[in-house]
Amino acid sequence: MHEHLTVVTHPLVQHKLTLMREKETSTNSFRRLLREISQLLAYEITREMEMTTKHIETPLCPMDAPVIDGKKLALISILRAGNGLLDGVLELIPAARVGFVGLYRDEKTLQPVQYYYKVPSELENRLVIALDPMLATGNSSAAAVELLKRSGATNIRFMCLLAAPEGIARMKKSHPDVPIVTAAVDERLNEHGYIVPGLGDAGDRMFGTK
């Protein structure tokens, strides 16, 4: 991917996102919609994966058919809300390797605090897709990407549901080499660091917590 920011404007993505934004949407529906959107976003973010050919036999004749090249890609869920995107992408790419980065945002400083980190081996040889529904301040996302780079990852992409201009700017400043794929760029952050108009706290809505 060459663009730093890609907004997926497909009608299905935008329709499902609107349903997720509605405050009356149930936890069950929110979770289902997030899984469905994640698959549509995954289609876009994997569009330029490297390909090779494999010699196969069809029922009619032999042929050299296209297959994905290289090691299995790595999906990295930024906990906890990243798991909502992870579930859907794994349905689409079940052979992917999976890792987790545990970060939470200090509500006073808005800075990330790390509490867990477990990722697949040989990240330097894999396409690595970091998953987090909300790119708000960008502090946690930038910190997660930095951890992945320290583990050897060089081909990283970031997938989110919603992004704020502040988060996009933060990521571009810290990681200009990491493309971002999102369903929408909202207006701004409020004084508490939440995306406006947004959809609330994605983790709380997905897990039914307050």
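Predicted model: local features only at pLDDT ≥ 70, side-chain atom pairs only at ≥ 80, totals over all residues.
Visitor: At what angle do helix 2 and helix 3 pack?

Guide: Helix 2 (residues 27–45) and helix 3 pack at about 60°, and their axes are 7 Å apart. The two helices are therefore oblique to each other. Their crossing is right-handed.

Visitor: Which residues make the contact?

Guide: From helix 2 come Leu34, Arg35, Ser38, Gln39, Ala42 and Tyr43, and from helix 3 come Gly84, Leu85, Asp87, Gly88, Val89, Glu91 and Leu92. Sorted by class, the contact has 6 nonpolar, 4 polar and 3 charged residues.

Visitor: How does helix 1 lie against helix 2, roughly parallel or roughly antiparallel?

Guide: Apply the cut-off again: an angle over 145 degrees counts as roughly antiparallel. Helix 1 (residues 11–21) packs on helix 2 at about 155°, with the axes 10 Å apart. The pair is therefore roughly antiparallel. Helix 1 passes helix 2 in a left-handed crossing. Helix 1 contributes Leu12, Val13, Lys16, Leu17, Leu19 and Met20 to the contact, while helix 2 contributes Phe30, Leu33, Leu34, Glu36, Ile37 and Leu40. By class, this contact has 10 nonpolar, no polar and 2 charged residues.

Visitor: What is the angle between helix 4 and helix 5?

Guide: Helix 4 and helix 5 (residues 165–174) pack at about 25°, with their axes 9 Å apart. That angle makes helix 4 roughly parallel to helix 5. Their crossing is right-handed. On the helix 4 side are Asn139, Ser141, Ala142 and Val145, which meet Arg170, Met171 and Ser174 in helix 5. The contact residues divide into 3 nonpolar, 3 polar and 1 charged.

Visitor: On to the pockets. Which residues lie nearest the centre of the largest pocket?

Guide: A pocket can be read by its volume, its lining and the elements that supply the lining. The largest pocket here has a volume of about 560 Å³. Its lining has 24 residues, with Ala81, Arg105, Asp132, Met134 and Asp201 nearest the centre. Strand 4 (74–79), strand 5 (97–105), helix 4 (139–150) and helix 6 (202–207) each supply at least two lining residues. By class, the lining divides into 11 nonpolar, 8 polar and 5 charged.

Visitor: How many residues line the second largest pocket?

Guide: The lining of that pocket has 14 residues, and Glu50, Asp69, Arg126, Leu127 and Asn155 lie nearest its centre. The pocket holds about 200 Å³ of space. Its lining residues divide into 4 nonpolar, 3 polar and 7 charged.

Visitor: What should I look for in the backbone?

Guide: Look for exceptions. Most residues other than glycine have a negative phi, and most peptide bonds are trans.

Visitor: Which peptide bond at Arg80 is cis?

Guide: The bond from Leu79 to Arg80 is cis, with omega near 0°. Arg80 lies in the loop between strand 4 and helix 3 (82–92). A cis peptide bond also joins Val196 and Pro197, where omega is about 0°. Pro197 sits in the loop between strand 14 (195–196) and helix 6.

Visitor: What is the phi of Glu122?

Guide: Phi of Glu122 is near 55°, a positive value in a residue other than glycine. Glu122 is in the loop between strand 6 (112–118) and strand 7 (127–131).

How values were computed: Residues numbered from 1 in each chain as written. Heavy atoms only, no water. 1 Å grid on protein atoms, 1.4 Å probe; cavity = no way out; pocket = protein on both sides within 12 Å on 5 of 7 lines; lining within 4 Å. Points joined across faces, edges and corners; volume = space filled by probe spheres on them. Helix = DSSP H or I, 4+ residues; strand = E, 2+ residues; numbered from the N terminus. Nonpolar A, V, L, I, M, F, W, Y, C, P; charged D, E, K, R; others polar. Axes fitted to C-alpha atoms, helices over the stretch in contact; angles between N-to-C directions. Parallel < 35°, antiparallel > 145°, perpendicular 65-115°, else oblique. Left-handed = near helix turned anticlockwise from the far one by under 90°. Contact = heavy atoms within 4.5 Å.
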